[in-house]
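Below is a short report on one protein model. It begins with the nonpolar core and then turns to the overall build.

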Amino acid sequence: MSVIECEVPSSSMLDRDLIARCYFRDSYRVRLSRTDLGMADIFFAVFGHKPVWIKLMLVARNGVAGLVGLEVPTVAEIINPEVKRAYRVGEKIGPWPIFFIGENEIVTGRDNKHIDFRLSVLKAVDGGATDIVVSTICTVHNLFGKIYLFFVVPFHRRGVRLLMSRAVAAKRL
């Protein structure tokens, strides 16, 4: 099963106004075959198995971003994220704070001087089939945010699709 680009699902808890006025957004879906998984399991099935090259790129990016005063995850949160039994709004899952968590969706993200982003991992039921949809929305605050996205978006698109396809191939989803 391949990763399919799609729209942000209307069932997502991502704010509709924020989606409409964001500077960048994307969404990708794959079929979920493991219906026994909870949302934290699904999150880590995708984002808990990054190849070393992605981890190194994230560490390097965060090193540079930290030098200019932006809030960034720790190296440990990138290399070896803590996995807990349960999560609540305000806690971190992987490297990102949780803004919403429900039975069918986790919304994480970060607010910074140059850009705010939200990442949604949604279990979307369509008839008898269930898909996982990963959506990202970014709102920029200044020119630095636009420049940042110019360089990051190509890696983001490739990385999210890669992580999702690897999760399916490894039967984690």
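## Nonpolar core

In this predicted model, the largest nonpolar core holds 38 residues, and Phe43, Phe47 and Leu173 have the most contacts inside it. A nonpolar core is a set of buried Ala, Val, Leu, Ile, Met, Phe, Trp, Tyr and Cys residues joined through side-chain atoms within 4.5 Å; buried means under 20% relative accessible area, with a 1.4 Å probe and protein chains only. Two or more residues each come from strands E2 (24-31), E4 (96-101), E6 (115-126) and E7 (129-140) and from helices H2 (39-47), H3 (52-67) and H5 (143-169). Helix H2 gives the most, with 8 residues.

Phe47 touches Trp96, Leu119, Val121, Val134 and Leu163, leaving out residues up to four places away in sequence; contact means heavy atoms within 4.5 Å. Another core, of 7 residues, lies apart and includes Val8, Leu18, Ile19 and Cys22.

## Fold and dimensions

The protein has 5 helices and 7 strands, in the order β-α-β-α-α-α-β-β-β-β-β-α. Both are DSSP runs numbered from the N terminus: helices are H or I with at least four residues, strands E with at least two.

Buried residues account for 49% of the 173.

## Basis of the values

Residues are numbered from 1 along each chain as its sequence is written. Local features need pLDDT of at least 70, side-chain atom pairs count only at pLDDT 80 or more, totals for chains, interfaces and linings use all residues, and side-chain values use heavy atoms, without hydrogens and water.

Key. Buried < 20%, exposed > 50% of the residue type's maximum accessible area, 1.4 Å probe, protein only.
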